[in-house]
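User: I'd like to learn how to read strands and their surroundings. Could you walk me through a case?
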Amino acid sequence: MPGFLRRSLMAALALSAGLASLPDTARADNYPDHPITLVLPFAAGGGGDVLGRMLAEYFGKQLGQPLIVENRPGAGGVIGTQYVARAKPDGYTITIGGMTTHLLAPITNPSVQYNPLKDFVPVGGIGNSPIVMLAANDFPANDIRELKALEAKRKQPLQYGSWGPASTGNFCGEILALKSGVRLEHVPYRGTTEVITGLIGGQIPVGFVDMATAVPQVQGGKLKALALCTKPSPSLPKVGGYVDQGIDFDRPLTWVMYAPAGVPAPVLKKLSDTLAAALGEPSIQQRLLSLGIEPGFVPSARQHEILVRDYASWKQIADEAHIQMQ
């Protein structure tokens, strides 16, 4: 090998080794210097997908590098979430998680191969989105108090639909049963659309669906809302939350942006600051409200504390109601 080529090669190798040995703070100064992958553990077109793509567009503009959205749905969000848990913690692979991915699935499914409390660090909380208990317009109850009075006169438990075992809707139904004494029987469906069809067709008296599915049905006059699990929402301001209606369970149902645990602190701060700025934009706030999400940034450390607290609360419900993902 000619001398100048040998010297060039050795210089390149030395530069590469030097970059690899740089402390995290030095490497983070240039973050991001190439595209970031935003893994969405949801199918394209759903509420989580719309949320992720909206934030990806804003992040790309603010950070000067595109956020490439990659949908990895399956197993209630477990497949995509597990992929991110194993990704390199350099800030170039992040995700958005909901109740199922970071609470309910790990609590109810022993085959989940990640620990939401140890394998992830929150970039920040995005907002809250309750679950809606719906009924047909001619159902003879308009809130939980009237539902309890109605059920007390029945010989059989009242059936309720959700979009599957261990779904947030299933949990909301069991919370209602445990905390109110109302006898309920779960009827699992394969999706929220089927729950709506079952309600309109009279196959089930009440059902639990997400806000994005429920709000058009209520505003369009096709169905009515009896309660919100667990907190009230400006998207349905006339509907009381669980605590408002005497149910002693007050936990928010949150959307959170996550990175793999171990991401450098300066990188996490840049991502967190960008998320906070996004949630302060009036246009993004309005779009979130249209999805039934009440926006509200929660800093990383505080969001982790909430996750730890809520993990224990929801696990207690799963144990008491014998909820398992099937």
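User: In which strand is the place of Glu-294?

Analyst: Strands (E, at least two residues) are DSSP runs, numbered from the N terminus, as are helices (H or I, at least four residues). Glu-294 lies in strand β11, residues 294-298. This is a predicted model, where local features need pLDDT of at least 70, side-chain atom pairs count only at pLDDT 80 or more, and totals for chains, interfaces and linings use all residues. Residues are numbered from 1 along each chain as its sequence is written, and side-chain values use heavy atoms, with hydrogens and water left out.

User: Is Glu-294 buried, partly exposed or exposed?

Analyst: Buried means under 20% relative accessible area, exposed over 50%, and partly exposed in between (1.4 Å probe, protein chains only). Glu-294 has 35% relative accessibility, so it counts as partly exposed.

User: Which residues does Glu-294 touch, not counting residues up to four places away in sequence?

Analyst: Contact means heavy atoms within 4.5 Å. By that rule Glu-294 touches Ile-126, Gly-127, Asn-128, Pro-232, Pro-234 and Leu-289. Asn-128 is 166 residues away along the chain, yet the two C-alpha atoms are separated by 5.2 Å.

User: Which way do the residues of β1 point?

Analyst: In a regular strand the side chains alternate between the two faces of the sheet. In β1, Ile-36, Leu-38 and Leu-40 point one way, Thr-37 and Val-39 the other. Because 5 of the 5 residues of β1 (residues 36-40) are buried, this strand is largely enclosed by the rest of the structure.

User: How many bridges join β1 to β2?

Analyst: Two strands pair if DSSP finds at least two bridges between them. Here 5 bridges join β1 to β2 (residues 67-71), and the strands run parallel; Val-39 has Glu-70 as its bridge partner in β2.
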